[in-house]
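Let's walk through this one together, a stop at a time. Keep the viewer open as you read.

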Amino acid sequence: MNCCVVGLQWGDEGKGKVVDILAEDSDIVVRYSGGANAGHTVVVGDDRFALHLLPSGVVRPNVKCVIANAVVVDPEVLTGEIEALADKGITLNERLLISENAHLVLDYHKQEDRLREEALGKHKLGTTVRGIGPCYADKVGRTFTMRMADLAELDELRAKLKAIVEYKNKVFGAVYGAEPISADEIFDKCRSYAEKLLPLMADTTEFLHKSLADGRSILFEGAQGSLLDLDHGTFPFVTSSNSSALGMSAGCGVSARMVDRFLGVAKAYTTRVGSGPFPSEQDNDVGQYIRDRGHEYGTTTGRPRRCGWFDAVAVSYAVTIGAIDSIALMHLDTLSGLKELQICREYQIDGRSTSFFPANLRRLAQARCVYETVGGWDEEITEVSSFHDLPLNARNYVVLIEEMTKRPVTMIGVGPRRNQVISR
Ligand code: GDP
Ligand code: IMO
Ligand code: MG
């Protein structure tokens, strides 16, 4: 059984928790896109892991983990993460493989991300400033790029780095008046990354296909969310990779035909960090109530997340483009205590109603949500372990989401811990 877990909203849906749970029955977990902009939380007992580049299977000692080709690897973050886990007694020797083809996020990418966001001022994208956009841009541009495999050829890397940094300094100086950065400093860091990461470098495509041939079960871990997809999300307020289910094959070199099940993860409401349209946003007491109860602050940047009602139009779109089989609905517990709940069932745009999400900024900006209002529940549900023990209105809420998205909700999150989940 091979499964792909993907976010159905604007990220932070609880993918880390779902992957950790499913990893129990998987041999391999693969991160296939994005970079250290991701922040995936796994909570086991009193231990809380915030993972940015490492697949969320790392916490399970028997699971092999793969960072595949299309992940942009910030070696500083990755080595830091590996060391932090080692401090907690979790070692990754022999069970972490990093693609030799993965591109490296280096200091000049992070500098460019920051300079550009600062220059955009109130028009900024609200990126995580992790150098993601600049690194993917260099990758597509093909000239000034550095990949994992380059760490194995230090002499060549030094010369290449010199040329890249010379170019970047000229551009950043001319455009932003930025201070030059030092190629030698980056090279010294690369030498240390090489020592730590080269033993983990591999042909991950070959490894994955051999594993599939041997009948191993693989869990593919998406990063970000479908609505942040570069080609299918709310451009330009998106990330720079195909973060919907569509990015899985290209990201790791395994066809979607090899995947038995695509599991979409959604929150029982909606959140978004950074700029961009958000039709069901509740910039009011309801939004604040959700933010407080759900601890809705970014795992990577600590920014308060924008909060709003569940948007069935947006989620159905992600389900449709990703051919999602079933849904994991997280954070149902966060909604306890609200008298009434609303679910956006369609949009009104220019006086016309539509239930197909327009991934076109102008139309989306005009979208007004048409809500279905349902009764809430007061009970705390964090200890509930079976669907039938949920309050009636909570059950009705889940069933309504199933009706609107036309997909079964097979998993329900009732708290951050690994065991706070209801399986159906
Ligand atoms: P990811 O990026 O999709 O992995 O999600 P994040 O880790 O960025 O954000 C999800 C947050 O919600 C984390 O703090 C999780 O520990 C927490 N979480 C996950 N599932 C649930 C749930 O069902 N209920 C509650 N209360 N918290 C949850
Ligand atoms: P996980 O995997 C939520 C958002 C940023 C910004 C936009 C572009 O934890 O769900 P970028 O740094 O990628 O250029 O930023 O995308 N963003 C995320 N939002 N969760 C994430 O990852 C995100 N990764 C990027 O906030 O709006
Ligand atoms: Mg996150």
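Is D12 buried, exposed or partly exposed? With a relative accessible area of 22%, D12 is partly exposed; on the scale used here, buried means under 20% relative accessible area, exposed over 50%, and partly exposed in between, computed with a 1.4 Å probe on protein chains only. Before going on, some ground rules: this is a predicted model, where local features need pLDDT of at least 70, side-chain atom pairs count only at pLDDT 80 or more, and totals for chains, interfaces and linings use all residues. Residues are numbered from 1 along each chain as its sequence is written, chains are lettered from A and ligands numbered from 1 in the order in which they are written, and side-chain values use heavy atoms, with hydrogens and water left out.

The magnesium ion (ligand 3) has D12 (OD) and G39 (O) as its protein donors, at 2.0 to 2.2 Å. Donors here are N, O and S atoms within 2.8 Å of the metal (3.2 Å for Na, K and Ca), and with water not among the atoms, sites may look incomplete. The pair links distant parts of the chain: D12 is in the loop between β1 (3–7) and α1 (15–23), while G39 is in the loop between β2 (28–31) and β3 (40–44), 27 residues apart. Helices (H or I, at least four residues) and strands (E, at least two) are DSSP runs, numbered from the N terminus.

Q9 is buried, with a relative accessible area of 3%. Leaving aside neighbours within four places in sequence, Q9 is in contact (heavy atoms within 4.5 Å) with residues including G225, L228, V265, F310 and V315.

Step back to the segment before β1 and there's N2, which counts as buried at 8% relative accessibility. A polar atom of the N2 side chain lies 3.0 Å from the backbone oxygen of M258. Not counting residues up to four places away in sequence, N2 touches L212, F220 and R261, among others.

Now for the helices. The 13 residues of α2 (residues 75–87) should span 18 Å at 1.5 Å a residue, and the end C-alpha atoms are 18 Å apart, which agrees; the expected span is 1.5 Å times one less than the number of residues. The buried residues of α2 are P75, L78, T79, E81 and L85. They cover an arc of only 155° around the axis, which puts them on the same side of α2; the arc is that of the directions from the helix axis to the C-beta atoms. Their cover includes β4 (47–51), β5 (64–67) and α6 (183–197). At the N-terminal end, D74 caps α2, with a side-chain oxygen 2.9 Å from the backbone nitrogen of E76. Just after α2, G89 takes a positive phi of about 85°.

Helix α9 (residues 285–294) can be read in a similar way. Its buried residues are G287, I290, R291 and G294, and they cover an arc of only 100° around the axis, which puts them on the same side of α9. The cover over them includes β13 (306–308). N284 caps the N-terminal end, where a side-chain oxygen lies 3.0 Å from the backbone nitrogen of V286. After α9 comes H295, whose phi is positive, near 50°.

Last stop, the aromatics. Rings of Phe, Tyr and Trp (its six-membered ring) pair if their centres lie within 6.5 Å; planes under 30 degrees apart count as stacked, over 60 as edge-to-face and the rest as tilted. By this rule the count comes to seven aromatic pairs. Y317 and F356 have ring centres 5.7 Å apart and planes at 90°, so the pair is edge-to-face. Ring pairs link Y317, Y347, F356 and F357 into a cluster.

Notes
Polar contact = N/O pair within 3.5 Å; in protein donor to acceptor, adjacent residues only side chain to side chain.
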